[in-house]
Amino acid sequence: MADGTGFDTGSGARRGSFADVLVKRELLRAEDLADVQKHAAESGLPLEKYVLQERIVAQDKFALAAAEYFSIPPLSIPENFVPISELMSDQPADFWIRVKAMPVAKVAGRRTVAFADPFDLPAHEEVARATGNVIWPCVAPEQQLLDALLKYKAAQDAANPALAMENIMKGQEA
């Protein structure tokens, strides 16, 4: 249900912690949990960011665990998928890449958006504000999502040679 911030927080109530979900899904052994949480705290990262950064949990498995934790749908993005331009066109490709999100459907002012990091609530809010839609989040593995967004950006660049040259110049300046 929508929580007043412009995005839907999922229909199910969370029980337990994300760490509990990782253990339940056998992505982290119970005997290793305290040690991983300690290292995450020492690094200054929340557990969900730490397990990805340190590659303790694979992106696809993380997406499934996060989907379970938030009671939101997981999404697997096929390798040849290119985002639908009508859903993407109200914001530039760089916006979607920066927030690591991709709209996948829009019905009656509600937009289903796949997020690489469903824990990034500021990104959810930014997407809701930028699109003017209530957001129904789902989660997709980060690399799959970014690959699709980069294909979309490349297709946009190919359709507009002046924009492509501008992006090439920006890349050389960086």
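Predicted model: local features only at pLDDT ≥ 70, side-chain atom pairs only at ≥ 80, totals over all residues.
I take a salt bridge as a side-chain nitrogen of Lys or Arg within 4 Å of a carboxyl oxygen of Asp or Glu. I number residues from 1 along each chain as its sequence is written, and side-chain values use heavy atoms, without hydrogens and water.

Entry 1, salt bridges. I find ten in the structure. Arg25 pairs with Glu68, with the closest N and O atoms 2.7 Å apart. Arg25 sits in the loop between helix H1 (18–24) and helix H2 (30–43) and Glu68 in helix H4 (residues 59–70), so this pair ties together parts 43 residues apart in sequence. Helices here are DSSP runs (H or I, at least four residues), numbered from the N terminus. I looked up accessibility too (buried under 20% relative accessible area, exposed over 50%, partly exposed in between; 1.4 Å probe, protein chains only). Arg25 is partly exposed at 36%, and Glu68 is partly exposed at 28%.

Glu42 and Lys38 form a salt bridge at 3.9 Å, N to O. They are four residues apart in helix H2, so about one helical turn separates them. Glu42 is exposed at 54%; Lys38 is partly exposed at 46%. I also note that salt bridges with shared partners join Lys24, Arg25 and Glu68 into one network.

I place Gln91 in the loop between helix H5 (85–88) and helix H6 (93–99). Gln91 is buried at 17%.

Methods:
Helix = DSSP H or I, 4+ residues; strand = E, 2+ residues; numbered from the N terminus.
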